[in-house]
Each structure stands twice: as C-alpha cells, then as structure tokens.
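Reader: I'm new to this one. Can you walk me through it?

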Amino acid sequence: MKKTHFLSFIFLLFATAVSSQTSSINPFVTAEVPHYPVIANPGAYVADQLLVMLKPGVVMGELEEEFASKGFVIAQTKNSAKSMRIWTLTFVNGTNIEKALEAAKTISAIELSQFNHYVARRIVIPNDANFWFMWNLDNYGQFGGTPDADIDAPEAWDITTGGITTQGDTIVVAVIDGGFDLAHEDLNYQKNYGEIPNNTIDDDNNGYIDDFDGWNAYTSTGNIISDMHGTHVAGIAGARGNNTLGIAGVSWGVKIMPLMGSDGTEAQVVEAYSYVFDARKLYNTTNGAQGAFVVSTNSSFGVNQGQPVNYPLWCAMYDSLGTVGVLSATATANANWNIDVVGDIPTACSSIFMLAVTNTMRDDTKASNAAYGATTIDIGAPGTQVESAIPGNSYASLSGTSMACPHVAGAIALMYATGCYQMITDYKLKPDSVAILVRNYLLSSADPNVALNGQCTSNGRLNIYNSLLAVQTYDCTIHAVAENSGSISVSNIFPNPANDVAVISFASTESENATLLVTDMLGQTIQTVSLKAVAGINSVQINVADLSAGMYFVQLNCGGVSSVAKRMIVE
C-alpha cells in the first residue's frame, strides 16, 4: 500500500529490473520462455477412435461382429450419448482408423459415423511481448508457480476484452495515485474533450479548470506529472492488449482517469474522490453528454491501523460514489495484520460500495506481508511480482497490495462490458442498486482458496471469468414483454418511484388465490402478500417505507406460475 512517492522506489528495489518496450528482464527467471501448453491440435482426431450413431434397435454385439467381419477389432466401447444412441468405439492399437471409418459407412446398422476430433477452449492469448511474464493473468506454472493460480483472464477475454457497454458507453476506471506517465504508449487515458487545456477557463462548466488530462488534488489543477507507482497500477487495470507491446491489462479497452492525491492529506484524498463523483454524476444527469462513465475507482494507498471512527468523511466518500454507480477497490496494508483487530483506512471502512483487497502469490497463497480480516477484507488478487507499465514506455514487476487492488478495479470494468442491454438500462436508472449487484457477483464468483479461508469475506481469490459468467445470469428479459403466459399479471405500479406506499395493479382471468412477491436485486424475497384475486383488474397497496432505497421487482405467483416481474424504485 503506497504511503509516499519514495515508496515507489523502494518497491523497485524488491522488484524486477526495468525493461524496454519489447522485452523484460526479471532476475527470478532462470529458464527460457515457456510455451503455452497445447493439450491437442483442434481439428485433428484420436488415432484409434470413431464416433457412431446407431439405428434404433441395434445392439452393440451385432456391431462388433460386423466390424470384425471387415477386419477391424473393437477393444472398448462407451455409450457417450445414451438418448441419441451415440457410441465411442476404441479400436485395437495399430488400426488404420481412416479405413475403419470407410468400413463404418458401409454398415447398415450405423446411422452416422465420424472421427473423434480434438477440441480446445477458445481462449484469447494476446500477442503482447511480455504477456508470458503475467502469471497473474494466465498461470501455467511459469517461475515455479501453481498452474491456474490466476484470475482466468484469457478465458474471460474470450467473452469480452472490455471498453464499452452494450449501449455504447465508454467505460472508465478512475485511479487515484501519485502520478502517471500520460505518454506511455501502452496505456489508454481518458480525456475530457469538453475542456481546452491550459487556457485557465472552465470551458465545460464542470467546476474544474483545465481538467483535460485528469485532476491533481495536490495543486487543484489539471497538471498530471509522471510517477512509477501510478503508471504501474494503471497498467494492471487497463493496459492495451494484443497490440504487440509490453503487457495486457485486465480490461484492454477501458479508459483510465488519472487522479493525483494518494500521498498528501486526507483533504486531497477527498478532493480526488469528489472529482470522480462529480464526473459520474454529470454523466448520469446529462445522459452521457458530459462527464465520464466511471464504474470503479482504485486506491492503492491508505493509513496503517487507521480507525474508521476518526475518518468519517473518507469512509463516507465510498457511499457517496456508490449512489452514482461507482464501486471502489482499495488495497489493504502490506503487513501480516488482522484488520478486524488493528483497523485500517480505507479497508476497515464499512461501505457496501467498497471492496477491500489483499495480495496473493503465484502459488495461490496469501502473501506473508499482506493484511487480512474475516469481516473487513473482501477478496484476494495477485499482487506479488506483477508485470506492468512504468514511465518511459518501459515495464517492470512490482509487489504489494497496491498491485492486487487494480485487478479488482479492472474486473469491475470488464463486468460492465459484459452486461446485457437491460442490465445497463437498469444501471442507469438505479446505479446504486446494480453496483451492489455487481459487487455481489464479483465476490460470490471468487475461486475458493484454502489460504484465504476465514481471511476475507469471500474466502477466495478473484476470478474474472467466473465474474463474467455471473453477470450473464442477470435477467435480461425483464420488461421485454407486458403479458404473462399464466392467468395473472402485474399491470402497473404507482407511484414509481415510491416513498411510503405503492399501489400494485394486476390483472387476473379468474377468481383465484395469489401471492405478491417483492424481491431485491439479489433475488432475495423482501415482502410477500397473500391476496384473493377476482377476474378483471385488481389492486393492492403495499408498505415500502421500511425498504432501503433501491431497485426492487414485483411479481405475482398463482398455482406455481409466476408473472413477468415489474421494476419498482423505492426512494
């Protein structure tokens, strides 16, 4: 966790040597660059096997006799698809499998026959020169690591490499740090094109003068200076991928919003967070015409053993950011402390919109110098000897919770790039509710990890492939149709948004008993109301005064058949 600019150089003493833009020399590497493992050649086929579909009523003994009469001996059979009568036939070693297939096509008992072809996962391995260093993204045992002790990035990139939502929003990760190399060719920084740089005028009237490149909370200007630590962190979250240069970030297409404010006073931290809040709020209120679609922040800094009671404004910033849809990834202390006991700022803050991150190693153990906490720390992520960008179009490996944290910030960005159209619509309508859901998706999809069991709330290490699969469970069909295939359906909710009470109108084709269900974004039932419906239009009043502000869904259940859910906003 970063404390001063000086720590950036201390990190480097324990890190690998600085590399050029096309190569990286790491002192812990003693062998040649390993090749990615190839299990089989997709399209080739198993040397001694055929797949056959039998005609109805055919028994395997008859088939074996037919093959034997043609000079082919079956050594083993397996019913691979019982209901479809598909069998895997393994012939004795040395069988000419091509001739065996020709023979199979002449056997009247066989409906279809073919080779048993090899297949392989469609995972995206980028061509970035230093990607093989990046065990954190794809660990196949390089450097003595444990295979798959990674975040499954190539598998995730087969789904999306990030950058934009299904509605065309440019996704932004805000990184608060000590500075950034804005000229680094492997990094993609967000620009405020509504501002004319260096003219001392607030051209876009957003309250910040000359904030074209970002914001420097030390000087309250748009002047961003270069810094190794911030550049490295930004690269982990969102370096360009598959561009032949250096490394790949967790989310290739994401824009990085550079903010300086990690090393001075708490007032500067608050100012940096406030810039993010203002940018996202402006985006929300102008329907994307101004501001920035920031979905996450990264904070690889803090105060060792700080107590949240003494930092109420800092902790409150995460709740404020959450109201406009921003989740915040925060790095915990670089010390083997129980944060539940000793405290930490910000990772002991209790906001539901914050994710506190600890550091895991290439063997999937927690780093011995990384903090933990069963109730305060949320998840582990790779953070030891992680390759990323540094100033001067160069690269190096650094270690610490600072490096673990941006994996989570980048993962959040990738998750929003996966969300369906309806999910993004809901996110814009009620950004805080969907942000909480995304947080839950990320934590619940973590890889279970024995080393983290009881050490963090998720008991696991980040797996972004699993996170994207979790996002794909979002009910994208809500409100796609107004009718219900059953006999009962929700017609209207009024008022919506609701404050104290809501009136639910529903239609029924007959008199029947029904149950009204109110569920939250996680699918948890919040309220149930038993009612008697009559044929025609009905209405029922429900009390929502005790519900937390957010998005809910209302549906009716009758005879085991549920109506299409309707969205209800509670303010």
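Author: We'll take the chain as a whole, then salt bridges, then some helices. Keep in mind that this is a predicted model.

Reader: Fine. How many helices and strands does the chain have?

Author: The secondary structure comes to twelve helices and 25 strands.

Reader: And how much of the chain is buried?

Author: Buried residues make up 54% of the 571 residues.

Reader: Switching to charges. How many salt bridges turn up in the whole structure?

Author: A search of the whole structure gives six. In general, side chains of opposite charge can pair when their charged atoms come close.

Reader: Give me one. What does D169 pair with?

Author: D169 pairs with K428. Their closest N and O atoms are 2.9 Å apart.

Reader: Which parts of the chain does that pair tie together?

Author: D169 is in the loop between helix 4 (153–157) and strand 5 (171–177), while K428 is in helix 10 (residues 421–429). The pair therefore ties together parts that are 259 residues apart in sequence.

Reader: Is D169 buried or exposed?

Author: D169 counts as buried, because its relative accessibility is 4% and the cut-off is under 20%. K428 is partly exposed, at 31% relative accessible area.

Reader: Next one. What meets K191?

Author: D213 does, in a salt bridge of 2.7 Å from N to O. Both K191 and D213 lie in the loop between strand 5 and strand 6 (215–216), so this pair ties together parts 22 residues apart in sequence. K191 is partly exposed, with a relative accessible area of 21%.

Reader: And R461? Which residue does the side chain of R461 meet in a salt bridge?

Author: R461 meets D364, at 2.9 Å from N to O. R461 belongs to strand 17 (residues 460–461), and D364 to the loop between strand 12 (354–360) and strand 13 (379–382), so parts 97 residues apart in sequence are tied together. R461 counts as buried at 2% relative accessibility. D364 also counts as buried, at 19%.

Reader: Which residues join R461 in one network?

Author: D364 and D447 join R461, through salt bridges that share partners.

Reader: Which residues of helix 7 are buried?

Author: W314, C315, M317, Y318, L321 and G322.

Reader: What comes just after helix 7?

Author: G325 is there, with a positive phi of about 105 degrees.

Reader: Last topic. How do helix 9 and helix 11 cross?

Author: The axes of helix 9 (residues 401–418) and helix 11 (residues 431–444) come within 11 Å and cross at roughly 115 degrees. Their crossing is right-handed.

Reader: Which residues make the contact?

Author: Helix 9 gives V408, A411, I412, M415 and Y416. Helix 11 gives V434, A435, V438, Y441 and L442.

Technical notes: Residues numbered from 1 in each chain as written. Predicted model: local features only at pLDDT ≥ 70, side-chain atom pairs only at ≥ 80, totals over all residues. Heavy atoms only, no water. Salt bridge = Lys/Arg side-chain N within 4 Å of Asp/Glu carboxyl O. Helix = DSSP H or I, 4+ residues; strand = E, 2+ residues; numbered from the N terminus. Buried < 20%, exposed > 50% of the residue type's maximum accessible area, 1.4 Å probe, protein only. Axes fitted to C-alpha atoms, helices over the stretch in contact; angles between N-to-C directions. Left-handed = near helix turned anticlockwise from the far one by under 90°. Contact = heavy atoms within 4.5 Å.
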